[in-house]
There are 2 protein chains.
Amino acid sequence: MAFQSVCQSQEPVTIADRLFQDLRSSILEGSMPAGKKISEPELAATYGVSRGSLREAIGKLENCNLVTRKPNIGARIVNFSIDQLMEIYQIREAMEGMAARLAAKNMTEQELLHLQELLKRHQKAIKEPGKSGNSHLKHDPDLDFHFCVIQGSKNERLVRMLCQDLYDLVRFYRFRLNPGFTPKALREHELIVEAICRRDGEMAEVLMRHHIRASRNRAQIQLESMTPEELGQREKPA
Amino acid sequence: MAFQSVCQSQEPVTIADRLFQDLRSSILEGSMPAGKKISEPELAATYGVSRGSLREAIGKLENCNLVTRKPNIGARIVNFSIDQLMEIYQIREAMEGMAARLAAKNMTEQELLHLQELLKRHQKAIKEPGKSGNSHLKHDPDLDFHFCVIQGSKNERLVRMLCQDLYDLVRFYRFRLNPGFTPKALREHELIVEAICRRDGEMAEVLMRHHIRASRNRAQIQLESMTPEELGQREKPA
DNA sequence: GATGGGAGTATTGTCAACAATTTCATGTAA
DNA sequence: TTACATGAAATTGTTGACAATACTCCCATC
């Protein structure tokens, strides 16, 4: 049960849908330069579709916060700053804290087993650093864990808001960072799972918030030591 | 500084924008029946625009969670259940709790004065119940208060997520409810403002979460005593 | 040399027609 | 009577052309 497969499960039935998913992947993977202006005629020609379909796809990307649009001017790939990333961490702290609280209350026994299973795999993976060299690019264990907890909240809208809208942005940035999945982070995951399994929602929320704050600090330290080039900030300001 | 004027400030420059805002108001005010299917040719004719522009507006409404769309089938005005409203309260509890914490840290002295000013007006208004008969329909003091705090968080994305995406749904439902602005709620507001003015973020968050939980309970009690007709659930299921 | 205006180009917004899909109604067979 | 197949009507998805707006480059003026 991969992260992507559940959150973005509906396969494209319409041209605009397929375009949307293709463009979304390209943006998240970084093959479309951050901050670059989108030329509608050019992109439409590249993908061999009409401008109308492309515009609809761009509209969806705008909803995902992956592009910004100005009337009569055009759309740009997002290129958000470290400050904006920190804003997202604050929001995640609040929402995922709540998700952990709800998960402790609402997860089924089967889901608890699945979560513990996941944790064991991560524990094993982190002891064998050979294989997990760059596999995090396609399958991030940290995201898998968070997604599992979020799903467990059983709050449909919370799941949508986090997985669809917010985590795209997380992945957008994470792709440009080193894997944030350290032994320390794993230990935090373990404590969260323990609290959830005890059905201790209060503690699960506290621990999840602590974990996300810690991740935030780790990311901030890492980011501040990087140059703009390393960050892939190949923006082309207007 | 009205709620609407700040959160949805940009005036329509394009036909699709104007359409979007018109439709959004119609849906929130209830003049478009909840759950009703949208007929593209019919609506386009009503507003005297092409289907293309209408479809773009519908796309924006979908992003605001005010309509749902299925490929090759069409769009429907949302008609969400009490359970879904409760989900939204949970999300608000988490996000606005964080907003209150941040507001205590980041609000300027001037903003604090404005907030206290607002509170005084509400205190006065609640003592003179004559005038505030149904004025809450257009200018809800409770929403004004919450908006003021959210703005004070200085977290741009948090503001957008709450004001643009989530509060539309709150207003959608609130329009069908009695005014939730009771003396009890006002007292809760007072306590929150006190904490924010003391720059006590921890306490502000606790109080805000308590307030939203209490609002949730008040709404739930009220909703459970209402018939589907009173709720305006004039849905026309597929 | 810098600034402002204006024609020309390119891009975005809008529209109406065409294609694909779904829905509804009718008729037939079990 | 019910169930299913079939075809017509309506609706949505897609496209290319036209209109409106923004950008660019050049030239005149200060």
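The residues of the surface near DNA strand D, where near means a C-beta atom, placed from the backbone, within 6 Å of the strand, divide into 7 nonpolar, 9 polar and 2 charged; here Ala, Val, Leu, Ile, Met, Phe, Trp, Tyr, Cys and Pro count as nonpolar, Asp, Glu, Lys and Arg as charged, and the others, Gly among them, as polar. This is a predicted model, in which local features need pLDDT of at least 70 and side-chain atom pairs count only at pLDDT 80 or more, while totals for chains, interfaces and linings use all residues. Residues are numbered from 1 along each chain as its sequence is written, and chains are lettered from A and ligands numbered from 1 in the order in which they are written.

At least two residues each are supplied by α2 (15–29) and α4 of chain A and by α3 (40–47) of chain B, helices being DSSP runs of H or I with at least four residues, numbered from the N terminus. The largest share, 3 residues, comes from α4(A).

Between the protein chains, 23 residues of chain A are in contact (C-beta atoms, placed from the backbone, within 7 Å) with 23 residues of chain B. On the chain A side, α4 (51–63), α5 (82–106) and α8 (156–174) give two or more residues, and α5(A) gives the most, with 11 residues.

Leaving aside neighbours within four places in sequence, Met95(A) is in contact with Leu158(A) and Leu162(A), and also with Ile91(B), Ala94(B) and Met95(B).

Methods. Two residues are in contact if their C-beta atoms, placed from the backbone, lie within 7 Å.
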